Amino acid sequence: MKAITIREPGDADALTLADVDEPQPAPGEVRIKVAAAGVNRADIMQRKGFYDPPPGSSPYPGLEVSGTIDALGAGVEGWSVGDEVCALLVGGGYAEYVTVPAGQVLPVPAGVSLVEAAALPEVVSTVWSNVFMTANLLPGQTILIHGGSSGIGTMAIQLAREVGARVAVTAGSAEKLERCRELGAEILINYKEQDFVEVMKEATDGAGADVVLDNMGAKYLARNVDVLATSGRLVVIGLQGGTKAELDLGILLRKRAAVIATSLRARPKAEKATIVTAVREHVWPLVESGRVKPVVDRTFPLVDAADAHRAMEASGHVGKLLLLP
Ligand SMILES: NC(=O)c1ccc[n+]([C@@H]2O[C@H](COP(=O)([O-])OP(=O)(O)OC[C@H]3O[C@@H](n4cnc5c(N)ncnc54)[C@H](OP(=O)(O)O)[C@@H]3O)[C@@H](O)[C@H]2O)c1
C-alpha cells in the first residue's frame, strides 16, 4: 500500500509517499481502508523528531481517519466488513490502510460525509476527555479556549456552547475571531493586540475563567493561572510556547485551583476506549442532530501531505486539514 513516511526528521519535505507493507489486524483490531486522514499539530512534532510514536505502533504519522472496515482481527465483535467508520489512532493514518483496536472505532455519524468524519475522532476525544471528563466544565461556567480557530478550538467552542457554558477564545486575527463567534464564542480576544487576562477579568466582573484549555504551555502559564477563577481548572494540552516556566503555588492555593497537563496518544488502549465510549454517548447525538459540525478547512491528496503540513505551520486555516489517499 501507499503511505506517507518520514525520510528523516526535518521540515515538510521529509514527508515521502512510499510503498510499504499493508498492516494486518491483530486480535481485537479492525483494518480500515482509509477515505480521509486528519492532520494534527502533533504530526508536525513527530515529523520534526520531537514526538516519537509509542513503542510497537505504526511509524507513519496520522492520529485519526475515516473509511471502511475491510478486515477483522480475531475476537472483534460489534463491527463488520463494509462498515463506514472513523477512528482514533496511535499513528499510521497517513496511508491507504490502517489497523486500530476495535474500542477506538466510531460509526460515521448520520448527516456527516465519510470524508468529513475524519475531522472528528482526535479533536472530539481530546476536547471531551479534557474539558468535560477532566475539567468538568458545567453549564453557566466560563471557559477560555486558546487558539479558538484551531482544529481543537473549533470543536471545543461548539461543545462548550452546547452544555451552556460561556465561551471565550483567543486567536491571532479578526477574521479568525469572527469564525469563532459564528461557532458560539462570546468573548473574542486578539492575542496579538490584547492582554487576555485584562479582557477576561473585565468580561467576568473580575471572576475569571472556570476552565482554561491551553495550547501554549510555558509562555502562558503565569497568565493562565492569573486568569483562573476560584476553583478554576487549567488544562494544558499543547506546548507551542515551551515546556518550562515558573508556577506561583501561592496563587493556586488561594484560588483552590488546579493545573493539569494531559496527552491522549500515550494513554493505554482501555482508557482510549473509555473516552471513545463517552464520546459516542455524549457527543455523537449532538453531531447527528446537526448542532455540532466538523469544521473542515481544506483537503489535500495524500501525496501532497507536505503541503498540508506547510499550510498548518503557516496557520492560515480554521478547523481541520484532511488528506485523501
Ligand atoms: N494533549 C493532547 O492530547 C492533544 C491532542 C490534540 C491536540 N493537542 C494540542 O492542541 C493544540 C491544537 O492542535 P490542532 O491540531 O488543532 O492544531 P492547529 O489547528 O494547528 O492549531 C494551532 C493553533 O495555535 C494557535 N496559536 C498560535 N500562537 C498562539 C498564541 N500565542 N496564543 C494563542 N493561540 C496561538 C493558532 O492560532 P492563530 O492562527 O490564530 O495564531 C492555531 O489556532 C496543539 O497545541 C496540539 O498539540 C493536544
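1. Start with the surface. Leu 247, Leu 249 and Val 259 make a nonpolar patch of about 240 Å². The model is predicted. Leu 247 sits in the loop between strand S12 (228-236) and helix H7 (249-255). Its relative accessible area is 34%, so Leu 247 is partly exposed.

2. Next, the ligand. The shell around the ligand holds 26 residues, and Arg 41, Lys 176, Tyr 191, Tyr 220 and Gln 240 come nearest.

3. The side chain of Tyr 220 places an N or O atom 2.6 Å from a ligand nitrogen. A polar backbone atom of Thr 262 is 2.8 Å from a nitrogen atom of the ligand. Ser 315 has a side-chain N or O atom 2.7 Å from a ligand oxygen. Taken alone, the ligand exposes 930 Å², and the protein buries 90% of that. Helix H2 (121-134), helix H3 (151-162) and strand S9 (166-171) are the elements that give two or more residues to the shell.

4. On to charge pairs. Side chains of opposite charge can pair when their charged atoms come close. The whole structure has 16 salt bridges. One of them joins the side chains of Arg 310 and Asp 13, at 3.0 Å from N to O. Arg 310 belongs to helix H10 (residues 305-314), and Asp 13 to the loop between strand S1 (2-6) and strand S2 (15-19), so this pair ties together parts that are 297 residues apart in sequence. Arg 310 is partly exposed, at 37% relative accessibility. Asp 13 is partly exposed too, at 44%. A network of salt bridges links Asp 13, Asp 307 and Arg 310.

5. Which residue forms a salt bridge with Glu 64? The partner is Lys 320, with the closest N and O atoms 2.5 Å apart. Glu 64 lies in strand S4 (residues 64-72) and Lys 320 in strand S15 (residues 320-324), so the pair ties together parts that are 256 residues apart in sequence. Are these two buried or exposed? Glu 64 is buried, at 0% relative accessibility. Lys 320 is buried as well, at 3%.

6. One more pair deserves a look. Glu 22 and Arg 31 form a salt bridge, their closest N and O atoms being 3.4 Å apart. Glu 22 is partly exposed, at 34% relative accessibility, whereas Arg 31 is buried, with a relative accessible area of 9%.

Note on methods. Residues are numbered from 1 along each chain as its sequence is written. This is a predicted model: local features need pLDDT of at least 70, side-chain atom pairs count only at pLDDT 80 or more; totals for chains, interfaces and linings use all residues. Side-chain values use heavy atoms; hydrogens and water are left out. Patches are made of residues with over 30% relative accessible area and no salt bridge: like charges are joined within 9 Å, nonpolar side chains (Val, Leu, Ile, Met, Phe, Trp, Tyr) within 5 Å. Accessible areas come from the Shrake-Rupley method with a 1.4 Å probe; for residues, only the protein chains shown count as cover. A salt bridge is a side-chain nitrogen of Lys or Arg within 4 Å of a carboxyl oxygen of Asp or Glu. Helices (H or I, at least four residues) and strands (E, at least two) are DSSP runs, numbered from the N terminus. Buried means under 20% relative accessible area, exposed over 50%, partly exposed in between (1.4 Å probe, protein chains only). A residue is near a molecule or strand if one of its heavy atoms lies within 4 Å of it. A polar contact is a pair of N or O atoms within 3.5 Å; within protein, one must be able to donate a hydrogen and the other to accept it, and residues adjacent in sequence count only if both atoms are side-chain atoms.
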